[in-house]
Amino acid sequence: MSRASLDEARTHTFADAITDAHILVATGAGGVGKTTTAAAIGLAAARAGRRTLVLTIDPARRLAQSMGLEGLGDEPALVELDDELPEGGELWAMMLDMQTTFDRLIDRHAGSAEEARSIKSNRIYRTLSSTLSGTQEYMAMERLHELHEAGEWDLLVIDTPPTRSALDFLDAPNRMTSFLEGRLLKLLLKPGMVAGRGIGKVVGAGATAFMRVAGRVTGMDLLQDLATFFRDFEGMYEGFKQRAQEVLELLRDPGSRFVVVTSPEPPPLREAKFFLERLEQEGLHAAGVVVNRIRPEVPQDPSDAALQRAVDELERADDPEGPASAAVLRLLGDVRNLAGRQRRDVTAALYSTNVDTLVEVPLLGGDIHDLDGLGVIATTLMTGRNG
Amino acid sequence: MPETNRPAPNPAVAGFDELFSSNMLIVTGKGGVGKTTGAATLALAAVASGRRTLLVEVEGRQGFSRTFGTQPWDYTEREFRPGLWGASIDAAESVYEYLELFYGLKRMQWVMERSNALDFVTTAAPGLRDLLLVGKLYEIEQRRRPDGRRQYDLIVVDAPPTGRIIPFLQAPEGVTEIVRVGPIRRQAGQIKEMLTDPGRVQAVLVTLLEEMPVRETSEGIAALKSADIAIGPVLANQVVTPRLGPRTLHTVMAGGAEGLRERVAATGARMSGRTAELALELAHAHTDRVAFQAGLWAELAEGCGVPVLSLPLLTGATFDVGDLDVLADVVALQLGEDGPRATEELDEDAIAALLQRSGAEVGA
C-alpha cells in the first residue's frame with residue numbers, strides 16, 4: 001500500500017475494536033510494550049462501559065502492583081480504579097499460569113485419572129511446555145477459549161508471551177498435534193516396544209537410520225520415556241486436535257482481533273510487518289498497529305540549515321541566554337533527526353503492507369508503571385490524540 | 001598517540017586487554033535493548049585492537065547481515081571485513097555436523113530425514129537444540145591454527161535474551177539429566193568447563209538506562225553468577241548525551257518561548273511559536289531524562305558489581321554501519337585507548353560526559 005494510505009491509517013483509532021471486539025490479542029516482538037498496551041486497552045474498554053478481563057503473562061512488577069495483581073494466582077481479580085466508570089464498566093486482570101492450563105487440558109482429555117497422572121509425571125511432558133516452540137502461546141490461547149466459553153466478560157484482552165518469534169503461536173496447534181501424532185516417533189510405538197519387549201531389538205530391527213543413531217547418541221532411556229509418553233497420549237490425539245481446531249476458529253471469528261505492537265526500531269518493525277502478512281494469510285483479523293515510544297515530530301521551521309546557522313551564531317553570543325538558546329536548538333535538531341529516523345523506519349517497514357489503523361504512542365517521561373500512565377495511553381488508543 | 005587520547009590513570013576497564021581477556025563474549029540482555037548493536041560494537045572494537053574476531057548469531061535472525069549490509073549469513077564462517085568473520089549457526093546443521101563427526105554418516109544420508117531430525121532435536125529431546133548450539137560454540141573455541149594459536153582471538157556471540165540465557169548456557173547440564181550415556185554426555189562436561197572458565201567465556205549484558213531493563217540486568221547478573229559464568233562489563237546502550245543542564249534550562253525558561261523565538265529570529269532563521277514551545281518542552285523532558293538516566297547509571301554501577309560502559313544515543317539524521325565504528329571507538333576511549341572516529345564525530349562535551357563516568361579522561 002502506498003504512503004497515502006499509511007497516512008490514512010494514522011487518522012483511524014482503536015475505538016471501534018475497543019468497543020465491539022470480544023477478544024483482542026496484543027502481539028509483537030519482545031520488549032515493545034505488549035503488556036502495557038494490553039492493560040491500556042483493558043482500561044479504555046472499562047471506561048467505555050465494558051466488563052473487561054486482561055490476561056497477562058509476565059507483567060512488570062510495578063505495573064502488576066499498580067493493578068493489584070501482585071501475588072495473584074491464575075484466577076481473575078477486579079482492579080480498583082479511581083476513575084468514575086460508566087454502568088457495567090469493570091476492569092479485571094489475571095496472570096496466566098501455563099503449566100496449570102496444560103495440566104487442565106490433560107485432565108479434560110485423558111481417558112482416566114490414572115492415565116492423566118501417568119502423563120503428568122512423565123518427564124517428556126514436564127519439559128514439553130518449555131521446549132516445544134509455541135506451546136506457551138498455544139496454552140494462552142487455550143485459556144482464552146476457556147474464558148470466552150464462560151461468557152462472563154464483554155472483552156478479553158491478552159498479551160502473548162515474549163518469544164523468539166511473535167508468530168509462533170499461530171503454528172503451535174499444528175506443531176503440537178503433529179508432534180503428538182508423532183509420525184516419526186510412532187515408530188517407537190511398534191507393538192514389541194509398547195509391550196516392553198526390549199527396545200534395542202525393536203530399534204535394531206525396524207527403525208530408520210535416524211532412530212538408530214538417535215538412540216546411540218541420546219541413550220535408550222530417553223526413547224523409553226518417549227514411548228511411554230506417546231502410548232499414554234494415543235487416546236487423546238483426537239480430543240486435542242479438535243480442541244486446537246476450536247481455538248483457531250475462535251481466533252478467526254470477526255469478534256477476535258489482533259493488535260500488532262511494535263517500537264519504532266527496524267527489527268521489531270520487521271516482525272510487525274511479517275505478523276500482519278501472516279494474519280492476512282491465515283484469515284485472522286488485524287485491528288491495527290500500535291507504535292510505542294515514538295518521538296514527537298518536530299516541525300520544519302527553522303530548516304535544518306537555518307537551525308545550524310542559528311546554533312553557530314548563538315553559541316558565540318556574549319550573554320548567557322545566547323549559548324543557552326543554542327543548546328535548546330541543538331536539542332531540537334537531535335529530536336528532529338531521531339523522530340525523522342523513526343518515522344522513516346515505520347514507513348519503510350509497513351510500506352506495501354495492509355494496515356487499517358496506526359496509532360503512535362509518544363515516548364513519555366519514564367516507564368509506565370501506574371494507572372495514570374495507562375490512562376494517558378488508553379486515551380491515545382481511543383482518540384489518536386495524546387494527553 | 002595523540003595527546004587527546006592519552007590513557008587515563010584509572011579507567012574502570014583497563015584497556016582492550018582487560019575487555020577482551022576471555023576467548024568468547026556472550027552478549028545478552030532484555031529483549032529490545034540492542035544486543036545485536038552491542039555485540040557488533042564489541043566486535044568492531046576488538047578488530048580495531050588488532051584481534052581476529054568472529055561474530056556469531058544463534059537465533060537465525062539475520063540481525064548482523066542487516067546491520068552490516070551483507071548477504072544473509074549462514075553456517076559457514078566468512079570474513080566480511082578485514083579481520084572480522086561472521087556466521088549464523090543453527091541447531092539442525094549442528095546435528096548433521098555432529099553425526100558426521102561421531103558416526104561418519106554422510107550428509108546425503110540425512111537429506112530424507114531432515115525435517116524429522118529437526119523435529120526430534122527441537123521437540124523430543126529438551127535442551128538438545130541449545131546444547132548443539134553451545135556445542136558448536138565450543139567447537140569453534142577449540143579450533144587452532146597450524147601454528148597452535150586459536151583460530152579466532154575473540155568470538156562475540158549475539159546470545160538469547162536474559163530470559164532464556166540460563167537454560168541456553170545450562171543446556172549441557174540439562175541434557176546430562178536426560179541423556180545418561182553416549183558421546184553427548186561426555187562432551188557436556190567439557191563444554192561446562194569452558195563456560196565456567198573466566199579466561200575462556202565471559203557474559204556481557206546490554207541494557208538501556210530504563211527501570212525494567214536495569215532490573216533485568218541485575219537479575220541476569222545474579223543468575224549468571226550462580227551458574228558460575230564470569231561477568232564482563234555491562235554496556236548501557238542509548239545513553240542520552242546532556243545538551244543542557246538545569247542552569248541553562250533555567251536561563252532559557254526565563255525568556256520563555258517568545259524570548260527563544262526572538263533570539264532565533266535575530267540570526268535570520270524563522271521559528272513559529274508552536275515550535276518554540278515544543279523546543280522548551282523538549283528541553284524540560286531532556287533534563288529530566290538525563291537526571292533519570294544518571295540515577296539509573298549510578299544504581300547499576302553500584303548494584304551490579306562490574307564496570308559499566310556507555311554507548312551514547314547517536315542523534316544523527318541517519319544510523320548506519322559507520323555509526324557502529326563510532327560506537328566502537330567510544331568504547332575504546334572509555335578503556336583509555338585510542339578512538340579516532342569518536343573524537344572526530346562527537347563533540348567534546350559529549351565525549352567528556354561519557355568519559356567522566358568510565359573513570360577514563362581526555363588529556364588537555
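Select helix α15 (residues 266–281) of chain A: its 16 residues should span 22 Å at 1.5 Å a residue, and the end C-alpha atoms lie 23 Å apart, which agrees. The expected span is 1.5 Å times one less than the number of residues; helices (H or I, at least four residues) and strands (E, at least two) are DSSP runs numbered from the N terminus.

This is a predicted model, in which local features need pLDDT of at least 70 and side-chain atom pairs count only at pLDDT 80 or more, while totals for chains, interfaces and linings use all residues. Residues are numbered from 1 along each chain as its sequence is written, with chains lettered from A and ligands numbered from 1 in the order in which they are written.

Within α15(A), display the buried residues, among them A:Pro267, A:Leu269, A:Phe275 and A:Leu279. Buried denotes 20 or more other C-beta atoms, placed from the backbone, within 10 Å of the residue's own.

Next, show what these buried residues pack against: β1, β6 (256–262), β7 (285–294) and α17 (321–350) of chain A, together with α3 (63–68) of chain B. After α15(A), select A:Gly283, which has a positive phi, near 70°.

Proceed to the open sheet of chain A, where eight strands follow the order β3-β4-β2-β5-β1-β6-β7-β8 with mixed pairing. (Pairing requires at least two DSSP bridges between two strands.) Its edge strands, β3 (77–78) and β8 (358–362), each pair on one side only.

Finally, select β1 (residues 23–27) and β5 (residues 155–159) of chain A, parallel strands joined by four bridges. Here A:Val25 stands opposite A:Ile158.

Note on methods
A residue is buried if 20 or more other C-beta atoms lie within 10 Å of its own, exposed if 12 or fewer, and partly exposed in between; C-beta atoms are placed from the backbone. Two residues are in contact if their C-beta atoms, placed from the backbone, lie within 7 Å.
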